[in-house]
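Visitor: Could you walk me through this one? I would like to start with how the chains meet.

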Amino acid sequence: MSKVKLNIARCKGCGYCVDECPKQAISFTGRISEKGYDTIQVDDEKCIACGSCYRVCPDSVFEILV
Amino acid sequence: MKLKAPECVFSSAGFCPGCGHGLASRLVGETAEELNIVEKLVTVVDVACCSFNIDYWNFDTIMAAHGRDIPTAVGVKHVRPGCPVLAYMGDGAAYSIGMAETIHAALRNDPVTVIVINNSVFGMTGGQMAPTTLPGERTATSPKGKDPARYGTLSGVELLKGMDIAYLARAELVGVGGMAKAKRYIKKALEHQLNGDGFSLVELLSPCPTNLNLPPVKAKQFVHEEMTKYFPLGEFIDKGGDK
């Protein structure tokens, strides 16, 4: 089960989550979203659901499920 | 730990990628939900980037004339003394066009909470030099860097330090630790208002990647490394205590 739910339509590709993730579980996809931004993806294997991404995201993309 | 964006902050507004306003708005939403004041809270937003919050959060919101949202908030507080009132503005409104309003509201110790987003430039108008611009910082109107011999750098929190107000603090919207502190300060400021202690102001240092001409992560580092040299963080006044 996924630990993080993403609302990718909100993502503006600022990269704060990529920078803050203590496990380097977040990376850019290279795919351009509807808004025109490079969006992110989460590697569930590496994710420890610490919530760092939720706390630093200006656009409330993340929801921590566990 | 389950974490979900507060329901009173319901959409992604038109802020630039990496803007601190999105972070500050979410913190206000989280704090309001924790204090159980979502229904009662009245927010007054200023002209400029912070006015986007009118679409971003689900509180009763008034948009004031530029720089005059503290007096507007004080007016709301007089009419609705039972409602917590939050004035939300940028550094241009609080320390430039609305300096007199900020100082005099603090002098009267009016029972409102003020959140100031300090990004060191005039953001919405195109990144012009502001009173809060750091010495040597390049902006649209100081392309060679701000000349410290000619223009000083104004720290609003330092001006208010000597005043008889309930709460005064400054945090940075950078990183997990910075966000945790910012949230704690916003919560304390609102609690002081709910306790009737008087004027409370929280300044939040915010990255403005668009106008600093930096990628968002670099803008965040600029706030953390450069801005905090001139704008020290922490709680400066905390009166009233736990009532």
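Predicted model: local features only at pLDDT ≥ 70, side-chain atom pairs only at ≥ 80, totals over all residues.

Visitor: How many salt bridges are there between chain A and chain B?

Guide: Residues are numbered from 1 along each chain as its sequence is written, chains are lettered from A and ligands numbered from 1 in the order written, and side-chain values use heavy atoms, without hydrogens and water. A salt bridge is a side-chain nitrogen of Lys or Arg within 4 Å of a carboxyl oxygen of Asp or Glu. Between chain A and chain B the count is two.

Visitor: Which residue of chain B forms a salt bridge with A:Glu20?

Guide: Look for the closest N and O atoms, which are 2.9 Å apart. The partner of A:Glu20 is B:Lys220.

Visitor: Which element gives the largest share of the side of chain A that touches chain B?

Guide: Helices (H or I, at least four residues) and strands (E, at least two) are DSSP runs, numbered from the N terminus. Helix H1 (16-20), helix H2 (52-56) and strand E4 (62-64) of chain A each supply at least two residues of that side. The largest share, four residues, comes from H2(A).

Visitor: What area is buried between chain A and chain B?

Guide: Buried area is the accessible area (1.4 Å probe) that two parts lose on being put together, summed over both. Carbon and sulfur atoms give 52% of it here. The area buried between the two chains is about 2,200 Å².
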